Amino acid sequence: MRIKAVEIRNFRKLASVRLDFAERTTLLVGANNSGKTSALIALRSFLKQGISAFNKNDLTLSRWQEVNEIGVDWASNPAVTPAGTWARLLPSLDVWLHVEDDEVHRVSSLIPTLDWTGGLVGVRFAMQLKDEEYLARAFHDAWGATQALKQAWRVPVPLPTTLNAALSQTAIAVGGDPVADRSARDGSTDEPAAGTGQQRKGIRGAGDLSLWPDDLIDFLSKHFQTHLELRHYVLDPFQFLPPKDDRACVQDLPEDALPLASNPLANIVLIDEINAQRGLGDASESSADVASGRISDTAKLSRQLSDYYTKHLDPAENPGPEDLDALETIAIAQKEFDDRLKQAFKVAFDEMADLSYPGVTDPRIRVASKLSASESLRHESAVSFELERAGGPITSEMYLPEGQNGLGYQNLISMVFRLMSFRDRWLRVGKAAKPTSDEFIQPIHLVLIEEPEAHLHVQVQQVFAKKAFDVLRNHADLLDKPELTTQLVISTHSSHIAHELPYESLRYFRRLQAGAHGADVPTSNVINVDLTYGTTTDTQRFVTRYLRVQHADIFFADALILVEGSAEKMLVPLFIKNHHPALYQAYVTMLEIGGSHAHRLQPLIDALKIPTLVVTDLDPKSKSGPNEPTQRGAEQISGNPTLKNWSDIQTDVDSLLDAEAETKIKKGDGQYAVRFAYQTPVAVSLGTKSEEALPSTFEDALAFENVAFFQGLTGAGLTKKFSDILATETNVKSAAEKLHAALKTGSKAELALDIMVSADFETMKPPHYIDEGLSWLEDRLKKQELNIDGGTDVN
């Protein structure tokens, strides 16, 4: 048995998403504020903590207005809403389990019909109103009382003469007049009443005053658990449909659906979690954690070891024959220590006896110890780290206390030990086993880890990603019990962790701008990365291997730039820094990939829907010949597979040269598009007149845009050739042919390096076609930022 998928609706940024679970590890990736943490919180809140974990902020913001509209109606008429109204507004979680034939007895309460033949079963955790009529009446009364109070507050009230005088003196002291100030504020023109001297009328504010409840959402902020609860419903596996436009197709419950008596997964799924706030640098735990005995996520390793010892190793708990020696040792040590205490306190107690206390009838003082191995592990030095010494005799061992080791080292050890503790608690290892108990082990162990990369070096991140699941399964009872399933869900911002796990386990959270799918606030979608490579094995193999070699941050980026070669990879980031400051501040990933392969990334980019700029080469050639300098009217075509197979532009060179900027954009949805940038005509003056230059590559386009810069550029090889050609040639067409020929034998990387170290680099202009493409990407991200920044979710 395992969790196949969950569908989350109306929870924070997750308006309607489907999260498919891998059989082993599921990795949640995506840019900041994309909803990854919300998904983990939803799993924890619905499956583990219950209604007490929820508040008004867990409702998707786009639903607030609809909830408040119900409140507006209730203010005048507290009537029950039509059936199904609240179901589409409140959060819910659908859990789908894959069940083997021999496990049906565990899910008997979830079998939908007698026709069910195995496979999928589903259960909905739905937040619902306990009693809608009671809520409507309670809000109606609270709203009415507030409005009556406001109305009374707005009525003019005569001020006592003495108070009025005091107010006048105060106003004069600060340079104002109470009536004039109030008149300026609320537009009133109250004058002193005739015959009353200093008596004035006061108005306690003519503007609106915010009092609870402002609206129905505000009312629920104080009474959320009073009026809402979680109920559980059986789902129909035949209505478990694939997502549409990356949105979950959540099934509607029948109007006569009856809730289950209790949580049907309580004895099926055990949930453990490690959150991101691990507090490894703190000196102590919170007093609440210590008082309750709970082992918090910020507990030191010594506290974790103590807790593990108490639950699984303490010989005093359910002792067996193997524990008696240890108990005897503790008893002997305790007796000897008690004898020492008695001797040590004898003088003090004898001195008290001289004061006639204790008397004959008074209880006598006795000092005794209680030795506990678990308590002895709770101090700061219970865990320390031994240091190696190089050379010389070892006269004593050297140790560092736990708090003085690196945070990365502490974090790794702590997380691994917690995983071991989770596993052993699930399996009732050691003293946790209770022979007299009728409890049984849950068949599914779900472990949630948030951002394990904190404080970890790259290599350690990779090791943890590969080994975490193995730690959870490293027990003899799990090797021969396939009916016990472990599933691990990790959220991360680390590309190193992402590249260590199979890409079919990645779930990409995509941020959606306000207005997408009818939501008036930013939301998110979830995309299965394993479905995005395309259909051919070659494409899947290429994308997987290429992204791993490049260590690309494609799954965490706001935008993507694909460049043709090493020269572009070195210089385009500098152009962005010097000429496009807004783009420089964004999370942009740049991949170097030749035009003959860039189109292989199209299925992945189209699925992830990341705004992308493809900087490529024109690669002109005759219909029957090799590549040659760009010419008009020569019936040349582009030999670039990316332009031919990905873009919608005609591939004859004349059409490419004259193409409008709009035709170079391949549009997706409202916030996703791909822009193609290739060499375009440049007006150049090498002699006395300006002529049209037709570059074919990044290097000659850069040279024609910066003739004076290249004429003064010093260097060897290709750098010298470019400098000499532009310094001596007066004919633009001839210069283009010579530059094209020089590029066939020279090192483009050396040319780029010579350009970078030039003292005049800051004066260099990027090629027009690249500058135009970067401006497009910059404008797109600016618009996208305006529509996305309204989100309230973290991560």
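In which helix is the place of M756? Helix 24, residues 748-756. Keep in mind that this is a predicted model.

Start with the surface. M756 has 32% relative accessibility, so M756 counts as partly exposed.

Next, charges. Side chains of opposite charge can pair when their charged atoms come close. The count here comes to 24 salt bridges. I'll show you some of them.

Take D272 and R425. Their side chains meet in a salt bridge, at 2.1 Å from N to O. D272 lies in strand 9, residues 269-274, and R425 in helix 10, residues 407-426, so the pair ties together parts that are 153 residues apart in sequence. Buried or partly exposed, what are the two partners? D272 is buried, because its relative accessibility is 3%, under the 20% cut-off. R425, at 31%, counts as partly exposed.

Now R423 and D424. They form a salt bridge too, with the closest N and O atoms 3.0 Å apart. R423 is buried at 7% relative accessibility. D424 is buried as well, at 3%.

Last topic, empty space. Rolling a probe the size of a water molecule over the atoms shows where it is left.

The largest pocket has a volume of about 670 Å³. It is lined by 27 residues, and A83, G84, T85, A87 and Q128 are the closest to its centre. Two elements give two or more residues to that lining: strand 5 (119-129) and strand 8 (228-235). Strand 5 has the largest share, with five residues. By class, the pocket lining divides into 14 nonpolar, six polar and seven charged residues.

Then the cavities. The search finds three of 30 Å³ or more. The largest cavity holds about 110 Å³ of space. Of its 13 lining residues, Y508, R510, R511, A557 and Q784 are the closest to the centre. Strand 14, residues 506-512, gives the largest share, four residues. The cavity lining has six nonpolar, three polar and four charged residues.

Notes. Residues are numbered from 1 along each chain as its sequence is written. This is a predicted model: local features need pLDDT of at least 70, side-chain atom pairs count only at pLDDT 80 or more; totals for chains, interfaces and linings use all residues. Side-chain values use heavy atoms; hydrogens and water are left out. On a 1 Å grid over the protein atoms alone, a cavity is a set of points where a 1.4 Å probe fits but cannot get out, and a pocket is an open set with protein on both sides within 12 Å along at least five of seven lines; lining residues have an atom within 4 Å of a point. Grid points are joined across faces, edges and corners, and a volume is the space filled by probe spheres set on the points. Ala, Val, Leu, Ile, Met, Phe, Trp, Tyr, Cys and Pro count as nonpolar, Asp, Glu, Lys and Arg as charged, and the others, Gly among them, as polar. Buried means under 20% relative accessible area, exposed over 50%, partly exposed in between (1.4 Å probe, protein chains only). A salt bridge is a side-chain nitrogen of Lys or Arg within 4 Å of a carboxyl oxygen of Asp or Glu.
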